[in-house]
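Hi,

Here is the structure I promised to pass on.

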Amino acid sequence: MANHYFTVELNANPNMMMRRFGYAPYSNRQGESSYVRRVSGYDFPRFHLYIQKIDIGKMTCSVHIDQKAPVMKGATAHAGDYDTPEVHAEIARLTAHNTTV
């Protein structure tokens with residue numbers, strides 16, 4: 001399970017950019033901040049994006065798909081897809097969208 005990292009130009013507040021990309025802020029039980037974008041009207045599946053690093057004028061992110069919620073209460077493991085055509089398409093969408101934000 002390898003995360004796919006990509007860099008986008010940072011031309012606004014990171015939270016504002018994520019909203020423009022269609023992502024909503026998300027915080028897990030451990031207080032870790034990230035962003036999610038639902039694929040349908042349901043909670044799952046969803047794209048799950050983490051901002052890994054913010055530099056001057058750019059930010060590095062990782063994204064995967066959460067297929068379903070953790071099965072056991074309190075568990076952090078989930079059914080995530082990291083190297084799928086959907087993940088690659090989402091990265092392409094985000095990096096292409098970035099030029100118009």
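Which residues are linked in a network of salt bridges? They are Arg37, Glu90 and Arg93, where a salt bridge is a side-chain nitrogen of Lys or Arg within 4 Å of a carboxyl oxygen of Asp or Glu.

Before the rest, a word on how to read this. It is a predicted model, so local features need pLDDT of at least 70 and side-chain atom pairs count only at pLDDT 80 or more, while totals for chains, interfaces and linings use all residues. Residues are numbered from 1 along each chain as its sequence is written, and side-chain values use heavy atoms, with hydrogens and water left out.

The overall layout

You'll find 2 helices and 6 strands in the chain, in the order β-α-β-β-β-β-β-α along the sequence. Helices (H or I, at least four residues) and strands (E, at least two) are DSSP runs, numbered from the N terminus. Of the 101 residues, 32% count as buried; that means under 20% relative accessible area, with exposed being over 50% and partly exposed in between (1.4 Å probe, protein chains only). Contacts (heavy atoms within 4.5 Å) between residues 24 or more positions apart make up 46% of those with a separation of 6 or more.

The salt bridges

There are 5 salt bridges in the structure. Opposite charges on side chains can pair when the charged atoms come close.

Glutamate 90 is buried, at 2% relative accessible area, whereas arginine 93 is partly exposed at 28%.

Another salt bridge pairs arginine 46 with aspartate 66 (3.2 Å, N to O). This one links distant parts of the chain, from strand 4 (residues 46-55) to strand 5 (residues 58-68), with the partners 20 residues apart. Both arginine 46 and aspartate 66 are buried.

Lysine 53 and aspartate 55 form a salt bridge too, at 3.8 Å, N to O. Here lysine 53 is partly exposed, with a relative accessible area of 47%, and aspartate 55 is also partly exposed, at 31%.

A cis peptide bond

Most peptide bonds are trans. The bond joining phenylalanine 44 and proline 45 is cis, with omega at about -5°. Proline 45 lies in the loop between strand 3 (33-38) and strand 4.

Threonine 60 is in strand 5 and is buried, with a relative accessible area of 19%. Its side chain makes a polar contact with the side chain of threonine 7 at 3.3 Å. (A polar contact is a pair of N or O atoms within 3.5 Å; within protein, one must be able to donate a hydrogen and the other to accept it, and residues adjacent in sequence count only if both atoms are side-chain atoms.) Not counting residues up to four places away in sequence, threonine 60 touches several others, including Tyr5, Phe6, Tyr50 and Lys53.

Glycine 22 is in the loop between helix 1 (14-20) and strand 2 (24-27), and is partly exposed at 41% relative accessible area. Leaving out residues up to four places away in sequence, glycine 22 touches Val36 and Arg37. From glycine 22 to leucine 94 the C-alpha to C-alpha distance is 9.7 Å, although they are 72 residues apart in sequence.

Cheers
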